[in-house]
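Please keep the sequence and the structure at hand while reading.

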Amino acid sequence: MSYQQYGISPQLVERIKLKMKNRALKDRVKQQIEGVTKVDLQNKTKVRHLVKSTSAILNERLTAAQEEQLTAFVLAQKIDPSNTFHLIKLWGMFR
């Protein structure tokens with residue numbers, strides 16, 4: 001898994017995946033990222049803000065190192081939310 005190369009623990013990913021099965025939390029996260037663009041996902045400050053606010057929604061306390069790891073991971077993926085292939089690739093990473 002490529003997220004492990006960034007120091008993101010599989011346990012953290014599993015906890016978040018489990019929490020995202022809760023419909024209310026999933027809807028709040030979807031609302032949080034609605035309207036996010038490719039440019040936003042390449043802006044370190046905006047990505048860091050998204051990581052912090054999403055972790056708060058999921059009631060997941062992240063250390064500064066974990067926040068930095070997640071931010072670096074998102075930036076490195078060069079995600080384009082309007083590109084279906086990019087979204088399928090991300091979905092495959094976290095199945």
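## Helix α4

The buried residues of α4 are Glu67, Leu70, Thr71, Phe73, Val74, Leu75 and Gln77, where buried means under 20% relative accessible area, exposed over 50% and partly exposed in between, with a 1.4 Å probe and protein chains only. Helices (H or I, at least four residues) and strands (E, at least two) are DSSP runs numbered from the N terminus. The cover over the buried residues of α4 includes α3 and α5, contact being heavy atoms within 4.5 Å.

The 14 residues of α4 should span 20 Å at 1.5 Å a residue, and the end C-alpha atoms are 20 Å apart, which agrees; the expected span is 1.5 Å times one less than the number of residues. After α4 comes Lys78, with a positive phi near 50°.

## Basis and confidence

This is a predicted model, in which local features need pLDDT of at least 70 and side-chain atom pairs count only at pLDDT 80 or more, while totals for chains, interfaces and linings use all residues. Residues are numbered from 1 along each chain as its sequence is written, and side-chain values use heavy atoms, with hydrogens and water left out.

The chain averages a pLDDT of 90, and 97% of the residues score at least 70; pLDDT is the predictor's confidence in each residue, from 0 to 100. Among the elements of the chain, α3 has the highest mean pLDDT (95) and α5 the lowest (80).

## The nonpolar core

The largest nonpolar core has 17 residues, and Ile8, Leu41, Phe73 and Val74 have the most contacts inside it; such a core is a set of buried Ala, Val, Leu, Ile, Met, Phe, Trp, Tyr and Cys residues joined through side-chain atoms within 4.5 Å. Two or more residues each come from α1 (10-19), α3, α4 and α5 (84-93), and the largest share, four residues, comes from α4.

## An aromatic pair

The count comes to one aromatic pair, for which ring centres of Phe, Tyr or Trp (its six-membered ring) must lie within 6.5 Å, with planes under 30 degrees apart counted as stacked, over 60 as edge-to-face and the rest as tilted. Tyr6 and Phe73 form this edge-to-face pair, at 5.5 Å centre to centre and 75° between the planes. Because Tyr6 lies in the segment before α1 and Phe73 in helix α4, the pair ties together parts that are 67 residues apart in sequence. Phe73 is buried at 5% relative accessibility, whereas Tyr6 is partly exposed at 29%.
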